[in-house]
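Subject: The structure I promised you

Hi there,

Here is the structure we talked about, ready for you to open. Have a look first, and then read on for what turned up.

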Amino acid sequence: MVRRIDTGGGAPVEFTFDGRPVTAQPGDSIAAALTAAGIRDLRDSVVSGAPRGVFCMMGSCFDCLVEVDGVPNRQACMVAAEAGLVVRRQTGSVEVPV
Amino acid sequence: MTGAASADTLVIGGGLVGAAVAWGLARQGEKVIVLDEGDVALRASRGNFGLVWVQSKGSDMFDYARWTRRSADLWPDFAATLTEETGISPGYHKPGGLHFCLSEEELDRVRAQNRRMHNVNDALGYGAEMLDRQQLDEIVQGLGPDVVGGSYGKHDGHASPLYLLRGLHAALTARGGRYAADARAEKVERDGDGYSVTTARGTFRAGKVVLAAGHGNTALAPQLGLDIPLRPEKGQILVTERAAPLLPMPTHLLRQTDEGTVMMGDSHEDTGYSTRSTAPVIAQIARNAVRCFPALEKLRIVRTWAAVRILTPDGAPIYQQSQTHPGVFSVNCHSGVTLAGAHALALAPMIAEGQLAPEMAAFSPERFHGQTD
Amino acid sequence: MQSCDIAVIGAGPAGLAAATTAAKLGFSTVLLDEQPAPGGQIYRGVETAGADRARILGPDYARGRELAKAFRASGATYMDGALVWNISTDLMLDVSRAGASTQIAAGSLIVATGAVERPWPLPGWTLPGVTTIGALQILLKSSGVVQEDAVLAGSGPLLWLMAAQMVDADVPPRAVVETTPRANYRAALRHLPGALRGRGYLTKGLAMIRKVRRAGVKVHTGAEDLAVEGKDAAAALRFTVKGRAHRIETGSIGLHQGVVPNQQITRLLRCDHAWDASQMCFRPVLDTDGLSSVAGIYVAGDGAGIGGAKSAVLRGEAAALAIAARSGRGDAARSGAVRAALSRDAAVRPFLEALYAPAPHVTRPADDTIVCRCEEVTAGAIREAVDLGAPGPNQVKSFLRAGMGPCQGRVCGLAVSAIIAERRGESPEQTGYYRIRPPLKPIPLSELASFTPADRAAE
Ligand SMILES: Cc1cc2nc3c(=O)[nH]c(=O)nc-3n(C[C@H](O)[C@H](O)[C@H](O)COP(=O)(O)OP(=O)(O)OC[C@H]3O[C@@H](n4cnc5c(N)ncnc54)[C@H](O)[C@@H]3O)c2cc1C
Ligand SMILES: Cc1cc2nc3c(=O)[nH]c(=O)nc-3n(C[C@H](O)[C@H](O)[C@H](O)COP(=O)(O)OP(=O)(O)OC[C@H]3O[C@@H](n4cnc5c(N)ncnc54)[C@H](O)[C@@H]3O)c2cc1C
Ligand code: FES
């Protein structure tokens, strides 16, 4: 489905998406690493609940929003994939613990 | 005037005031045309906070307090009718409203205001009460340590001003009225026993004219024997991304919309007609919001904007009919959401009659000249 | 608070050239970009891409390396990961970086924030697996990741470039579905003689198309009625050619209809904009130096009007030279040479613009198609709001929430203006565009609450 033609050298790192381990290469955004791992569905729309994934990869569309280390609505295509990140798929509006 | 579009009443201005009056007139069976400016205009109706707010209105003017309360009482019916006629809900809720105080000084000020409200309004069951910190905690969880107390008004509520405006436009159209944008009124003149209004989209004619052009009224007033002293005051607003429900009721500084976004505002600046957002004020509003409700700091601000309040010298509305030009009325207020119910269901019928009721005399600009008639 | 003579926003070819030129002329210069590394869109990841990737991306891409190197050596200050989220008219920049906001006071500003892809609302375009072609290319440039079995649909040079790069990567697309209407070829032919001055571009373009066809990629031309099928993700692309229905099963669909200027900053600053009927987009009104209608604010690169990377470099340099000329440090000879090179480089544009003008169906989505992806507002709802009397995109926005989501209209803006314009029977110039407000991207409330901007009178 997805092919990695080169890794750009350097050591790969690992983070998790909904608990599942994902390998990222240097230079990957979270969105790139998820795409390379075949993960397309990143969240539910806050309006209709329909699934959404990466669209523009350049920080314009805000469709790739995920929770990163407990912080919701981060743009997966703009956040570098780093070792140990805990990334989660989003459903519904942001819950703010009071 | 051949070829001119004609109506029973021309309403100049398609903001919340003009649209509410226009729909109210259409409900009285009138043929109404609303003349408005284009897509980008000084339009407070598109930039306000959406409170239907009673608790601070008219502490020094009994008639204004009573009129506000009347509008709040009309709102449930007003919202239901609008929804029924258009399928567009203005999203009105009446859970009551809170004013958080962040200092003892503010608490004293609000307490004094409340006392004045009770003095002028006790008979009406005005209903705002002072709450101490403990009482506030019972209503809202998660208040910041700086909140020392506040007041609670049970008649307060909020609505979506944007859906309200859209609903009013849709309801007007559904009742055979017409909304004409890009039709700024340049000149209003006598024409037979009525008036003609010149715009870039042609000339319009009617027996009656209502000036509801917000700050635009200032330029039109002198042509029609009216006196409308207004001043601009900028207010900036911030809005967050959508969040799950966290605020049980609106407050003067924060409110959560039906979509889940949290709006925050309450700045007052004398910067003319500017509608620019500025970093110092945005940062100040953010600080106050976080002081009131620290959990909000996790949310992102998606947008900020500014709009210009339409203020009269005493903050109360001006309603008047021209003495020199029969059938010409003007309406100005700085709480067009709150008063929308009264404008549509109480004021419009008076205009349809061609005569403001005697109780409206208190809102004449003559009050600024020390005359009581 | 920091201050500088010249602030440049955007580290693509235009911004890199502008900052390099400005710094060399002795101005204290700060270049800010939201990305973690210089390069902008065309030269994404250019400092780190390995040899394989560089080979696939070709010599045009490799040129970016020189540009980045010259910039690194220029003495200009580079702020990576720096999002400019607000600018006042007296050129105070509010910048978010590493979770905190600070300010930079600039003497002059060069906006080099590039292009975004033209919105192309079609049924199913919000499904996971549907991306822009730009997105596919960014995956390749910064991560060496290529989708297998991708279908590339739309029109424009970037579509063919991506297809050719995929062929070179040995992961050719499953198919190319071109929407360029046949009538465009005739319209473009008129501009061919002029375009021959820029024959390099034409030769390159033809070579790309040939490469893709030779590799055996199935190419459909004159496609219409495109729609993506799928329940939870893209499963197939449907379209018609001359009335005949086609359907290609695939989980990866790349869409492209050319690029258009990113207007966020110039709209925020309330610069005058004009409708460019040839490029079918808005662009800021600029003088020959790139100076906008707002004092001290220059625009260079694709954000000033689409011209490509080479033109972006030249326009970046031109803006810096113009600022220098105003303070008596200009270089008239160099300015003249840059202007001449720009005119040569632009020779091919009228041909390309006529050839790749979006097909009428691109700007006229069906009533039930979602146009604003964030708030899920359909084309039909927009048309209804116009019928209610809404005179333009700002009233439509307030009636429907179109453009109020987190992207703030970046994606749907042009599509919404086009739908309104068509419904009202006017040109998009008359219709206008969304008002853009700070913050240019969402900022945490905690960050704003701890931000201490200088209290100045200017707005
Ligand atoms: C920041 C802020 C917060 C607010 N919060 C609240 C709140 O919480 N609750 C509340 O009740 N109120 C609130 N208000 C006040 C409320 O927004 C206004 O009272 C209300 O919108 C006034 O409506 P309007 O129709 O009179 O004026 P506007 O909305 O300004 O509309 C005037 C209209 O007239 C048009 N016009 C002008 N000149 C002409 C002309 N010559 N010919 C034709 N058309 C013309 C304009 O284009 C415009 O459409 C707030 C206001 C601000 C600024
Ligand atoms: C996705 C995509 C891929 C493209 N690929 C190619 C290609 O391969 N070949 C080709 O010839 N052309 C390509 N183009 C066209 C290309 O964009 C231009 O020709 C060229 O890159 C324009 O350069 P520029 O300097 O004007 O802007 P860009 O290269 O787009 O650079 C703009 C920069 O501004 C930054 N920026 C924007 N807003 C802000 C802000 N508020 N704060 C801080 N930074 C900000 C962005 O992060 C970006 O790095 C592509 C366009 C897009 C949209
Ligand atoms: S994919 Fe568009 S913002 Fe990340």
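Predicted model: local features only at pLDDT ≥ 70, side-chain atom pairs only at ≥ 80, totals over all residues.

Domain 1 of chain B is made of 5–50, 162–229 and 314–369, while domain 2 is made of 94–151 and 231–311. Both domains give residues to the shell around ligand 1, so the ligand lies between them.

Now to the shell itself. Ligand 1 is surrounded by 41 residues, and the closest are G15(B), G214(B), G216(B), G235(B) and G336(B). Sorted by class, the shell holds 20 nonpolar, 16 polar and 5 charged residues. At least two shell residues come from each of α1 (16–27), β12 (231–242) and β15 (300–311) of chain B. The biggest giver is β15(B), with 4 residues.

I also looked at a sheet in chain B. It is an open sheet of 3 strands in the order β4-β6-β5, and the pairing is antiparallel. The edges are taken by β4 (97–101) and β5 (128–132) of chain B; each has a single partner strand, so one side of each is left without a neighbour in the sheet. On average, neighbouring strands of this sheet are turned by 25 degrees against each other, direction ignored.

Note on methods: Residues numbered from 1 in each chain as written. Chains lettered and ligands numbered in written order. Near = placed C-beta within 6 Å. Nonpolar A, V, L, I, M, F, W, Y, C, P; charged D, E, K, R; others polar. Domains from an automatic or database assignment. Pairing = 2+ DSSP bridges. Axes fitted to C-alpha atoms, helices over the stretch in contact; angles between N-to-C directions.
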